[in-house]
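Here is my note on the model you asked me to look over. I have kept to numbered points so that you can follow along with the structure open beside you.

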Amino acid sequence: MNEYPKEFLDLLNSVTAKRPKTVIQHILKHGYITSEELMDTYGYNHPPRAVRDVRELGIPIVTYRVTGEDGRKIAAYKFGDPQDVNTIAKSAGRTVLSQALKQALIDKYGPKCFIYLETMDPSVLQVDHRVPYEIGGEHDESDIDYYMLLSPSANRAKSWTCEHCVNWNKKDVSFCMRCFWAHPENYDHVAGKPEKVISLIFTGNEIEDYNKLIALSGEHSAQETIKALIHKYMK
């Protein structure tokens, strides 16, 4: 611990939020933390999100690869150069999005996930920046078009995809604005790939339709079967 400047240590030890504090204190004690440890020791099913919490406080974190217990290469994280502390993030941090913003989005769009288009209990929905905070920064909550409602699974999927996108380091806001994960209602790529996405939810009486689709698919995936039907009947 003595290898770090006092100012940097003071910053590290000032963090009280449970998830980033867990990451920070483990690295201080052991020199690094792995995705395996975040999942198995601390129960965080999405390790990059826990590490992202630390980065959002302006604390530099370096990602590298190590060999896990099963022999596979896994992610490991350690502190970067203390001189790289982001003083703006350190002093301001990421603003917690308000309940009023969430209600405004529900009032305008209804209580549904923007990605899966599924209506759900409003208490489950989470507010997220359309363009990741790390790329687009904060926006005034009065302009709700900069935000979206996501189910927990959609939010995790978006976080993982964005963090592994080529634009994560380039930080081109216009690139994000044209992405499915920012504007699923109007986009021209999915994390840089020329793709289109349709999410199908089967509910209620539609469950039987889903079962028929699976039976029809046989050895093929449901996605392959749907594409084959579209190709057949839309020639």
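1. A word on burial before anything else: a residue is called buried when its relative accessible area is under 20%, exposed when it is over 50%, and partly exposed in between, using a 1.4 Å probe and protein chains only. By that rule, 40% of the 235 residues of the chain count as buried. This is a predicted model, in which local features need pLDDT of at least 70 and side-chain atom pairs count only at pLDDT 80 or more, while totals for chains, interfaces and linings use all residues. Residues are numbered from 1 along each chain as its sequence is written, and side-chain values use heavy atoms, with hydrogens and water left out.

2. Now the overall picture. The chain holds 12 helices and five strands; these are DSSP runs numbered from the N terminus, with helices being H or I over at least four residues and strands being E over at least two. The C-alpha trace spans about 70 × 50 × 30 Å along its principal axes. Taking a contact to mean heavy atoms within 4.5 Å, residues 24 or more positions apart supply 55% of the contacts that have a separation of 6 or more.

3. Have a look at the open sheet, where three strands follow the order β1-β3-β2 with antiparallel pairing. Because β1 (33-34) and β2 (61-67) stand at the edges with a single partner strand each, one side of each has no neighbour in the sheet. Strands are said to pair if DSSP finds at least two bridges between them. β1 is joined to β3 (residues 73-79) by two bridges, and I33 stands opposite Y77 of β3.

4. The other pairing in this sheet, between β2 and β3, is antiparallel and runs over seven bridges. Within it, R65 has A75 in β3 as its bridge partner. The two strands form a hairpin with five residues between them, and G71 in the turn has a positive phi of about 90°. Lying across β1, β2 and β3 is helix α2 (residues 18-30), at about 85° to β3; the axes are lines fitted to C-alpha atoms, for helices over the stretch in contact, with angles from 0 to 180 degrees between N-to-C directions.

5. Which residues of α6 (residues 99-109) are buried? They are L101, K102, L105 and I106. These residues sit on the same side of α6 because they cover an arc of only 140° around the axis, the arc being that of the directions from the helix axis to the C-beta atoms. On the other side of α6, Q99, A100 and D107 are exposed. The cover over the buried residues includes β4 (126-129) and β5 (147-150). Just after α6, G110 takes a positive phi of about 90°.

6. On to the aromatics. Rings of Phe, Tyr and Trp (its six-membered ring) pair if their centres lie within 6.5 Å; planes under 30 degrees apart are stacked, over 60 edge-to-face, and the rest tilted. The whole structure has seven such pairs. One of them, Y109 with F114, is edge-to-face at 4.8 Å centre to centre and 70° between the planes. Y109 is partly exposed at 28% relative accessibility, whereas F114 is buried at 8%. F180 and Y187 are also edge-to-face, since their ring centres are 5.1 Å apart and their planes at 70°; both F180 and Y187 are buried. Y4, F8 and F79 form one aromatic cluster.

7. The loop between α10 (173-177) and α11 (206-217) deserves a visit, starting with H189. H189 is buried, with a relative accessible area of 7%. Its side chain reaches the backbone nitrogen of G192 at 2.8 Å. Leaving out residues up to four places away in sequence, H189 touches F175, R178, C179, F180 and E195.

8. P184 lies in the loop between α10 and α11 too, and counts as buried at 17% relative accessibility. Apart from neighbours within four places in sequence, P184 is in contact with F114, I115, R130 and M148.

9. From L117 to L149 is 32 residues in sequence and 9.9 Å in space, C-alpha to C-alpha.

How values were computed: A polar contact is a pair of N or O atoms within 3.5 Å; within protein, one must be able to donate a hydrogen and the other to accept it, and residues adjacent in sequence count only if both atoms are side-chain atoms.
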